[in-house]
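Here are a few exercises to work through with the model open beside you. Try each task before you read its solution.

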Amino acid sequence: MSAQVEPAESVEHTQPRGPGSEGAPHRTLAARLVARVGSGAVQVLLILVALFWMVPTLGLLFSSLRSPQDNASSGWWSVLTEPAQLTLSNYAGLLDNPDFVSSFGNTVLITVPSTLIIVVVAALAAYAFAWLEFPGRDWLFLAVVGLLVVPIQVALVPISSLYGGTPLYGSIPAVVLFHVGFGLPFGIFLLRNFFAAIPRDLLEAARMDGGKELTIFRRVILPLGGPAIASLGIFQFLWVWNDLLVALVF
C-alpha cells in the first residue's frame with residue numbers, strides 16, 4: 001500500500017502563524033503614530049496649530065505698522081477690517097534715529113562674522129574629530145567638551161585685562177573673537193556627534209574613488225550634515241544677536 005502524502009499547501013495552512021510571520025507583520029505603536037501623522041487631516045491640524053502660535057508675532061507686526069493713537073484706541077486685529085491704519089511712519093522714525101542705526105549696524109557687524117566663523121571652523125574641526133586619526137584626538141575632544149561648562153561671566157574680567165594691553169579693547173573684533181571662542185566648543189560638540197553618525201561606507205567609497213579629505217568634506221559631509229550645520233547657525237546667530245553683556249563690557 002502506498003502512503004498518501006498531504007499536499008504542502010494544506011500542511012502550511014494548518015501550521016499556526018506566529019507574531020513574526022510574514023503573513024501578519026506586527027506594527028509597533030510608534031509606527032502607527034508616525035503613519036497617522038502623515039495623514040492629510042493631521043497635517044491640516046498641525047498647520048492650524050502653527051498658525052495659532054504665530055498670532056502673537058503677527059500682532060507685534062501689525063502693531064508696529066499702526067500709529068500710537070490707533071494702538072491705544074483699539075487692538076491690532078482691527079487692521080483686518082480697517083487696512084488704512086497701516087503705516088510705515090514708525091519705521092521711518094527709527095531709521096531717522098542715528099543712535100538706533102549705529103547700534104543696529106554694530107549688531108550686524110558682530111553677529112554675522114561670529115556666526116560664519118563658528119560654523120566654518122566648527123564644521124572642519126568636527127570632521128577631524130569624527131573621521132580623522134591623529135595623536136591625542138580623544139583627549140583633545142574631551143578638553144573641548146570640558147570647555148562647555150565654563151560660564152561666560154567668569155571670563156569677562158580676565159579677558160578684559162588681556163584685551164587691555166592690546167588695540168582690540170573697545171572694538172568690534174574683540175567682541176567677535178569672544179563670541180567665537182565661547183561658541184566653538186558647543187559647535188564642535190554638536191557637529192562632531194552628527195558627523196560621526198554618517199555611515200563609514202560613504203567615506204570609504206569616496207576615498208576609493210580618489211577623493212581627498214577636503215573633497216570628501218565638501219562633497220559628502222556638508223550635504224549630509226546640512227541640517228545640523230543649519231541648526232548650529234540659527235542657534236549661534238540668535239545667541240549673539242540677543243547678547244548685550246559682552247558688547248557692553250568690550
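Contact means heavy atoms within 4.5 Å. This is a predicted model, in which local features need pLDDT of at least 70 and side-chain atom pairs count only at pLDDT 80 or more, while totals for chains, interfaces and linings use all residues. Residues are numbered from 1 along each chain as its sequence is written, and side-chain values use heavy atoms, with hydrogens and water left out.

**Exercise 1. The surroundings of Leu-202**

Find which residues Leu-202 is in contact with, leaving aside its neighbours within four places in sequence.

Solution. Start by placing the residue: Leu-202 lies in helix 11 (helices, H or I, of at least four residues and strands, E, of at least two are DSSP runs, numbered from the N terminus). Next, look at its contacts beyond four places in sequence, which are Val-220 and Leu-224. Val-220 is 18 residues away from Leu-202 in sequence, with 7.7 Å between their C-alpha atoms. Finally, check accessibility: Leu-202 counts as partly exposed because its relative accessibility is 42% (buried is under 20% relative accessible area, exposed over 50%, partly exposed in between, with a 1.4 Å probe and protein chains only).

**Exercise 2. The largest nonpolar core**

Work out how many residues the largest nonpolar core has, and which have the most contacts inside it.

Solution. Begin with the term: a nonpolar core is a set of buried Ala, Val, Leu, Ile, Met, Phe, Trp, Tyr and Cys residues joined through side-chain atoms within 4.5 Å. The largest one here has 39 residues, and those with the most contacts inside it include Tyr-127, Trp-131 and Ile-221. Among the elements giving two or more residues to this core are helix 7 (98-131), helix 10 (172-196) and helix 13 (226-242). Helix 7 supplies the largest share, 11 residues. Then zoom in on Ile-221: beyond four places in sequence, its contacts include Tyr-127, Trp-131, Phe-195 and Leu-203.

**Exercise 3. Helix 10 against helix 13**

Determine the angle at which helix 10 and helix 13 pack.

Solution. The angle is about 160°, and the axes are 10 Å apart (axes are lines fitted to C-alpha atoms, for helices over the stretch in contact, and angles run from 0 to 180 degrees between N-to-C directions). The two helices are therefore roughly antiparallel to each other (angles under 35 degrees count as roughly parallel, over 145 as roughly antiparallel, 65 to 115 as roughly perpendicular and the rest as oblique). Among the residues that meet are Gly-183, Phe-186 and Leu-190 in helix 10, and Ile-229, Leu-232 and Trp-239 in helix 13.
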